[in-house]
Amino acid sequence: MSKEDNKDKLRVYEYAKSLNMSSKEIITILKRLDVPVNNHMSVMENGSVNKVEQFFKDVKSNAAAKRDSGPSSRPVNTSAPAADSAKAQNVNQNQPEKQVGMNSNPNNNPSTTSPRPQSGQDSRSTQTTAGSTQNARPQQSGAPRPSNTGGSRPQGSTSSTGGSRPQGSNTSSNRPQSGTGGSRPQGSTGTRPQSSTGGSRPQGGTSSTGGSRPQGATSSAGGSRPQGSAPRTDNRPQGGAPRTGAPSTPRPQGAQGGAPRTGDRPQGAGQGGGDFSRGTGTGDRGPKKTATGGRPGPNQGGQRRFDDGKGGNYRGRGGKNGRGKNQQMERREKIDNTPKKIIVRGSMTVGETAKLLHKDASEVIKKLITMGVMATINQELDIDTILLLAGEFGVEVEVKIPVDEDSFETVEENDMDEELITRPPVVTIMGHVDHGKTTLLDAIRSTNVTGGEAGGITQHIGAYQVEINHKKITFLDTPGHEAFTAMRARGAQVTDMTIIVVAADDGVMPQTVEAISHAKAAGLPIIVAVNKIDKPGADPDKVKQELTKYELVPEEWGGDTIFVNLSAKQRTGLEDLLEMILLVAEVNEYKANPDKRARGTVIEAELDKNRGPVARILVQHGTLRVGDAFVAGNCFGRVRAMVNDKGRKIKEAGPSTPVEITGLTEVPQAGDPFMAFEDERKARAIADRRSTTQRQSELNINTRVTLDDLFKHIKDGEIKDLNVIIKGDVQGSVEALKGSLAKIEVEGVRVKILHSGAGAITESDIALAAASNAIVIGFNVRPDAQTKAAADQEKVDVRLHRIIYNVIEEIEHAMKGMLDPIFKENVIGHAEVRNVFTISKVGTIAGCMVTSGKIARNAEMRLIRSGIVVFEGKIDTLKRFKDDAKEVAQGYECGITLERYNDVKEGDIIEAFIMETVER
Ligand SMILES: Nc1nc2c(ncn2[C@@H]2O[C@H](COP(=O)(O)OP(=O)(O)OP(=O)(O)O)[C@@H](O)[C@H]2O)c(=O)[nH]1
């Protein structure tokens, strides 16, 4: 990987990570260098990287210069051979440079690191033995040791011996320096924000050797490291032994690993950390550090560093110092912890989102404010906001909305383009009675049997496939629009295109028009097959002419409808028809993903005497295999056997393949959705829940539109078109009605006539209305008993009229929400007549006892005698003793006179009621 490549779009945090430094450190350096930078997400241009690198170099050379001049730095270490130290020096000198190299390659850690591991490991292993043992000792012995470690190191110069060093006698003195430190040998000083680190060191110092050190080493070093490294290295060899376990450890590594390490420096730092901790492990802080340092993973500079950090925290906690520092560390960790990608399954609260992003809620809230969203921690964020928010943090989001598998037919699966393959189109044939639908289906089936399918004997399984030009077409075997629409009414969208068969000798007939309406209502492409052209008197052009009225204009006349002349009986023109089907299919690019669990629709199902429930299904997505568990409607099962339309047993069926399956527990209905599930238990549970839901929804009100609730649907924005089917006694009145309805103008909604025709209202009309959420208007026609029953069952609103004006007015009012209000009677109470007084000029007064509810002065009433209503009217006066009363409650006596009625008798019951309007 070239340096350049990696510099592309390099962000501060990435760069920092590559150096095992914190973003904050890099930001500080950048600011020092007057490079504009906002936060850890800021992009680092090549120039900035170079500046930082140069900075490191300078620091290094400064350090080297100091080192050379300052005699102090070299504590002499017993164990470290001179040669080593020399080596180490070199190494260190190199380090920064190499680091630089590294720096430029922030993304390359792995590769860069790779050499490192070995060296690291090597060194470590050696180290450990040398360093750690040695170190450990002194440490243990020396209580003070801890303190020093970190700080002393650089200064270690002062104290020469490991032993002494630890005591930090110096420490104190040195430390400060180091702390200040920056001053620290390397003069890197300034750079080091880590002087703070330096700070940490002391902590560490105090509390624990290793602990602080590593930190210091690792993190602080971060930026400074390079610098620090230089001197340190020097120390290293020497210090190796003496220097307390922790600190020294890395050194040796460095020494040994010298060469390789160089390159890796940054990681080296990390490793150093690791080593430190190890050293420590040997020493006091055993467990934690070991844990930390224990990870010898070669390339994990970064991780280690974390670990070190943690180690540091632990120590910090254990120790007395530096909560604040720990927090700093934590914060640093959090930054580094920012996930690359999160998975979102719906809206979440700010708190939850923050957690997912590994951020403080406050940080997220602040970010939201900058995005213009004021939110509290418990406020819900929708997916869009989460997407934006995550983007602000540079985090990628994958949205996974959980699927409600119970209503699997409504689940939309989005497949990637590359997962989709072209599937055969699914075709339905429709047309008027006797125009030749069945003959055409048979002709296609028998003449286009795929090669190799013996004898061409096909089995009726509700659909079949033919092949032409190596492409398949699936035909639904049940001709006629009723069956088609019945399926559609059940929510099944099975067909891709329709063939409308019109006999050339007969022309367009009522059911031709119906079929066209049904196909259009389903939004499907139409191909017109002009059949029976062999017959004398056949006039294909007349058919074309007639169909223009229904917006089916042939291409040669400037339209876009494909017409094919054929004779199903003589089997001519069939190929043309098939080719046209393929053409339409090609244009519409019907595709499906075969590599997922199967979904489809039940075309037919029955109970077979021998085989039990049998379902013919069309697989529409995925691939169905023998043995698959599935749900079909409210039934479930496991595919026991699968047979194709040629009667052959098959093991699997892909998209657009019709198959007959056995293995169901019950018989589903045509149009039921079908889906395979991972196991039978799940399929059973889903089927059970589906049937419960279905029972409940059947109890609930229908969702079909009626004129009574039309306005509500319009108000709720659920309806923009009022779908209407018009049937009239004669074509003339139908046309007149259509014309008038088209003129109705109500804002936000329009009348859409799905189908119209002369003749009685038929079951087919009801089916179309049910499938398309339409109302049916009958003008001077009525439905027969069967159709009426179908309409009741499907809850289709059928309006019967004899005067066009009334139809228009009713629909217009319904659209405007101006239909007369519906009144409902509400009985408020009963009173029994106990005495009757007749007073001249007043009339008959009924002395009553209120037996239930109350009697109100303004209520309406009916007088009931022996169960028969003898009068219905209004209460004239209502009195309690001599006073007028507004109402009298149950258990009280009252006097009542009725408006314009005096023939009240003892024992009569006065029922009071009020009329209330009911919201539509
Ligand atoms: N001459 C001639 N007769 C045909 C042709 N196609 C169909 N027929 C005849 O027309 C009659 C009706 O054909 P069917 O295929 O049953 O028509 P259908 O549309 O399926 O009729 P239903 O199932 O009742 O709706 C039969 O007697 C066929 O033999 C054709 O291309 N030419």
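**Exercise 1.** Leaving aside its neighbours within four places in sequence, with which residues is Lys596 in contact?

*Solution.* Residues are numbered from 1 along each chain as its sequence is written. The model is predicted: local features need pLDDT of at least 70, side-chain atom pairs count only at pLDDT 80 or more, and totals for chains, interfaces and linings use all residues.

Step 1. Locate Lys596: the loop between strand E14 (591–592) and strand E15 (599–608) contains this residue. Helices (H or I, at least four residues) and strands (E, at least two) are DSSP runs, numbered from the N terminus.

Step 2. Apply the contact criterion, C-beta atoms, placed from the backbone, within 7 Å. With those neighbours set aside, Lys596 is in contact with His621 and Gly622.

**Exercise 2.** Determine whether Lys596 is buried, partly exposed or exposed.

*Solution.* Step 1. A residue is buried if 20 or more other C-beta atoms lie within 10 Å of its own, exposed if 12 or fewer, and partly exposed in between; C-beta atoms are placed from the backbone.

Step 2. Lys596 has 14 other C-beta atoms within 10 Å and is therefore partly exposed.

**Exercise 3.** Identify the buried residues of helix H24 (residues 540–548) and what they pack against.

*Solution.* Step 1. The buried residues in H24 are Pro540, Val543, Lys544 and Leu547.

Step 2. They lie on the same side of H24, because they cover an arc of only 100° around the axis; the arc is that of the directions from the helix axis to the C-beta atoms.

Step 3. The buried residues of H24 pack against strands E11 (497–503), E12 (526–531) and E13 (562–565).

Notes:
Contact = placed C-beta atoms within 7 Å.
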